Amino acid sequence: KTVVSNGLVLDKNGNKMSKRLGNVINPFDTIEKYSADATRWYLITNASPWDSLRFDLEGIKEVQRKYFGTLYNTYQFFALYANVDGFSFKEGYVPVEQRPEIDRWILSSLNTLVKDVTAYMNDYEPTQAGRAMETFLDEQLSNWYVRLCRRRFWKGEYEHDKICAYQTLYECLETLSLLMAPISPFFADWLYSNLNNITNRYEAKSVHLADYPVANTDVIDTELEERMRLAQDVSSLVLSLRKKMNIKV
């Protein structure tokens, strides 16, 4: 009922790869050097599958650094402090409405992401799904939520606020591992397994045996997301003005 036809993989200048031109890139060497997951993610997110793709190894390096590097560092941050505080999700799940506003915001954004990614996948738009995950990780989870909440993890007693922070970040990482599994099966399974080693919460021993996430529309607060987007825009404008005037951050 539905056919998706793949486009051609061209060299970085838009020419067909051929031995005569000497512009062929060996896929097995590429996978060996840069990993299957980074290669897959680059192929999926760089262009729609039916479009011709200009293949550039620099693009895979950027995917490794920007997406997988950021996700790895975010997990490492969580694991470091979770081990220090002995967090293992043994406390009861804190209702979202009882958490600080920034937790409610990131969980709203997370469930909006789940809704969007599911819609993209159902419409055979894996490129848009992957890009949505990149945006969430970079602009919302890593560079905003974690940066603004760092003090909550390393300061204070192991009480309500800190438990909320751990549960919230854990849920974001867990959901990302499930969402990205169809595109990057190995890294997603590594992340899912490591999270399970910390909490031992999952019946499924592999991300590929777990159910795909379903958006919880009850926690989606579009007004809160819009207010936070405004705060992010203001911060970006102030940073750009500082840079223009050579004022240190």
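A residue is called buried when its relative accessible area is under 20%, exposed when that area is over 50%, and partly exposed in between, using a 1.4 Å probe and protein chains only. By that rule Leu53, with a relative accessible area of 6%, is buried. What you see here is a predicted model, in which local features need pLDDT of at least 70 and side-chain atom pairs count only at pLDDT 80 or more, while totals for chains, interfaces and linings use all residues. Residues are numbered from 1 along each chain as its sequence is written, and side-chain values use heavy atoms, with hydrogens and water left out.

Let us stay with Leu53 for a moment. Leu53 belongs to strand β2, residues 53-54; helices (H or I, at least four residues) and strands (E, at least two) are DSSP runs, numbered from the N terminus. Lys12 is 41 residues away from Leu53 in sequence, yet their C-alpha atoms are 8.5 Å apart in space. If we set aside neighbours within four places in sequence, Leu53 is in contact (heavy atoms within 4.5 Å) with Leu8, Val9, Leu10, Leu43, Asn46 and Ala47.

Thr127 is buried, with a relative accessible area of 1%. A polar atom of the Thr127 side chain lies 3.2 Å from the backbone oxygen of Ala47. Not counting residues up to four places away in sequence, Thr127 touches Ile44, Thr45, Ala47, Ser48 and Pro49.

Next comes the largest nonpolar core, with 64 residues, where Phe78, Met133 and Tyr145 touch the most other members. Such a core is a set of buried Ala, Val, Leu, Ile, Met, Phe, Trp, Tyr and Cys residues joined through side-chain atoms within 4.5 Å. Elements giving two or more residues to this core include α2 (36-46), α3 (57-85), α5 and α8 (222-244). Beyond four places in sequence, Met133 touches residues including Trp41, Tyr67, Leu113 and Leu176.

Finally, what about disulfides? A disulfide is a pair of cysteine sulfur atoms within 2.5 Å, and a search of the whole structure finds zero of them. For Cys164, the nearest cysteine sulfur is that of Cys149, 11 Å away. Cys164 is buried, at a relative accessible area of 0%. For Cys172, the nearest cysteine sulfur is again that of Cys149, at 9.9 Å, and Cys172 also counts as buried, at 0% relative accessibility.

How values were computed. Polar contact = N/O pair within 3.5 Å; in protein donor to acceptor, adjacent residues only side chain to side chain.
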